[in-house]
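Hi,

Here is the structure I promised to pass on.

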Amino acid sequence: MTSIPLESGLIIAGILFAVGLIGVLARRNFLFILMSIEIMLNAAGLAFVVAGARWGRADGQVMFIFILAMAAVEVSVGLALILRFVHHFKTLDSDQGNTMKG
Amino acid sequence: MYGFLWLIPALPLVGFVILGLFGRRFSRFIVALVGVGLVGVSALLSILTAFQFMSSPPQQSSVTQSLWTWVNSGGFRPSVAFRLDALSLVFVVVVTFVGFVIHLYSSEFMAEGEGYSRFFATMNLFVSSMLILVLADNLFLFYLGWEGVGLCSYLLIGFWYKDAANGRAAQKAFIVTRVGDTALAVGLFLLFSHLGTLNFQDLMHQAVTRWPVGSSLAVASAALLLGGAVGKSAQLPLQTWLPDAMAGPTPVSALIHAATMVTAGVYLVARTHVLFELAPSVQLAVAAIGALTLLISGFSALVQVDIKRVLAYSTMSQVGYMFLALGIGAWSAAVFHFLTHAFFKALLFLGAGVVIIALREEHNMFKMGGLRKQLPLVFWTFVIGSASLSALPLVTAGFYSKEWILRSAWTGPKGNFWLLSAGLVGAFLTVIYTFRMVFITFFGEGSRLIERRPGTRLKVALIVLAIFSIVVGFLQTPRSLGNIPIFANFLRSALPSSDVPPRGGADEFMLEVFSSAIVLLGLYVAYILFLKKPRLRESITQTKLGQTGVQFLFSGWGFDWIYDRLLIRPLAWLARINREDFLDLPYLGIAEISRALNTGLGRTQSGRLRWYAAIVVIGAIITLTVVVFL
């Protein structure tokens, strides 16, 4: 089994992160924003795993498990907030929630 | 007995506090009881003190009562202490006694109209400030009284504040006297920085030992003190406020002119006479100012229409006599003229007040006329006051005091021909304008209805003052006329004797005859011009030159016009073009920048989630760039 080179792994992680970021900035639907954030978290996790494989150590995978756990928590909190938002504004459009602008 | 000295200024102050705090809830009777009563008790105390002072003079002829140390900072340690000597005793007795009579009079005079308790509260404060002024043991406490007097004059001249003109007159009085007050304050600083004390006794002692006669420091400090005295006493060139001060109620004018305020300057110069003797040039200036003021205001009084303005100009003129006397070193003569002037000027103002309210606020003398039969008591007391003011020979108090001043101007070491002739011309003017006022107001034809007759309290005040306007003159008579030197002997402990060695009894007697002749001649001229042949007067004033002259004198020699052009307009112009003060620009700029930043940052708070996320990203990129590349 040939190991995947570090560079290509990091490039994929970077692309994934960029995709997620663009999703967060461009999308207006809360659910898509949440999914984009998941993509960014996974990009970060991929970078950890690739780096851990490069030096042959388990630290990267341990970090990924942490990230997974945190992502689960984040999603649950985020979904709860979205539920409240939808209940209040009757929409999923994030731009509609700007009534508190200074 | 001297232990109660502090009560004399404290009682009117208590009256002010009580009336100022609770006066609105009291009935008019209680207000009058508190306001008049406390000044009355104070007058009684001061008279008792005077009796004790005379029967058993204290050691060194003065009593000092130290209450507490006011300030203790470095070498500066003025105390709240009252010092009673012959000079301050004369002032205390006059201020409290005349003040009490005026208060009694006001309790009836002001009975109609609003602000009864406000009036008495301020009057009490006025008397109290003046008493602090004359009893102060040091210049610092003196200055407190000085400023208190200025404040009260402002409050009382503008008493009927609903008329804007009265407010302007009050402001004028306050601002013009402030010019003098500033000079006085600078003088205080100068004295303290060079002599290290403000206590009158120490100050005079130090000045004599440290400064030679005519030294520049003595001249400067005496000139600054004179500046203050000129402002308060309405002498040239700061005299313009006094005629306008007639806007206040008549008892206030009486109090300002007779007992308080305008005589404060005379007191200041007399109190610091040592300093003036060290500066002969300034002392000469005092005499010159007095002589000029008495002439200028004497001429102005000749053509006034408002009865109170005639009296105002006559006060300036008589205070001018006091300054003349101070300037030639006749200290006791100045104080004696103050004493007699206090009684007859208060009497004249109170009489004028009765006339004014009897004709429903009529100030114009030419609309009065013929009041002799309708108000006989007022007429007779007014005539007594006028006779005293114009120094009618032998029987009036004014004669003896004015004669003393003239005699000192003639035979005194510092007197000279010009000062004497100014005094004599002034005496001639005085009798003309005084009896012009009497003839126009009380004689001739008049059909005005009397709306309010004087009650008991007004009458009592007039009679008491009329008696004193005659008898106080006999406290001091010249050698050729009885030779009673009670007053001069009494003041000898406080002021250097101004009694000069006689130049020869015959000469003095000649002067008395001469000045009496001038007064009688003036009386005759006034009789001709204003009673017998008014046509003659009209033929003079109807000419073009006469009209211009009358207009010029009427406006008080155009001083208001000059000050308006020279000072007020340039200042107002400067204020107008610099409305947006250029010094404010830096501060306004700072405010403007922070406002711009506020709007800019406020824009970022759009409430859009994606916008915030983008800012977080940008911030993260910037931070990473900084961390990685720098």
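Going along the sequence, chain A reads α-α-α. In total that is 3 helices and 0 strands (DSSP runs numbered from the N terminus, with helices being H or I of at least four residues and strands E of at least two). Bear in mind that this is a predicted model, where local features need pLDDT of at least 70, side-chain atom pairs count only at pLDDT 80 or more, and totals for chains, interfaces and linings use all residues. Residues are numbered from 1 along each chain as its sequence is written, while chains are lettered from A and ligands numbered from 1 in the order in which they are written.

The C-alpha trace of chain A spans about 55 × 25 × 25 Å along its principal axes. Of its 102 residues, 12% are buried (20 or more other C-beta atoms within 10 Å of a residue's own, C-beta atoms being placed from the backbone).

**Where the chains meet**

The contact uses 11 residues of chain A and 10 of chain B (residues touch if their C-beta atoms, placed from the backbone, lie within 7 Å). On the chain B side, helix α27 (residues 609-629) gives the most, with 5 residues.

**One spot in chain B**

B:Ala207 sits in helix α7 (residues 200-210) of chain B. This residue is buried because 23 other C-beta atoms lie within 10 Å. Beyond its neighbours within four places in sequence, B:Ala207 has contacts including B:Leu195, B:Ala218 and B:Leu278.

Cheers

Notes: Two residues are in contact if their C-beta atoms, placed from the backbone, lie within 7 Å.
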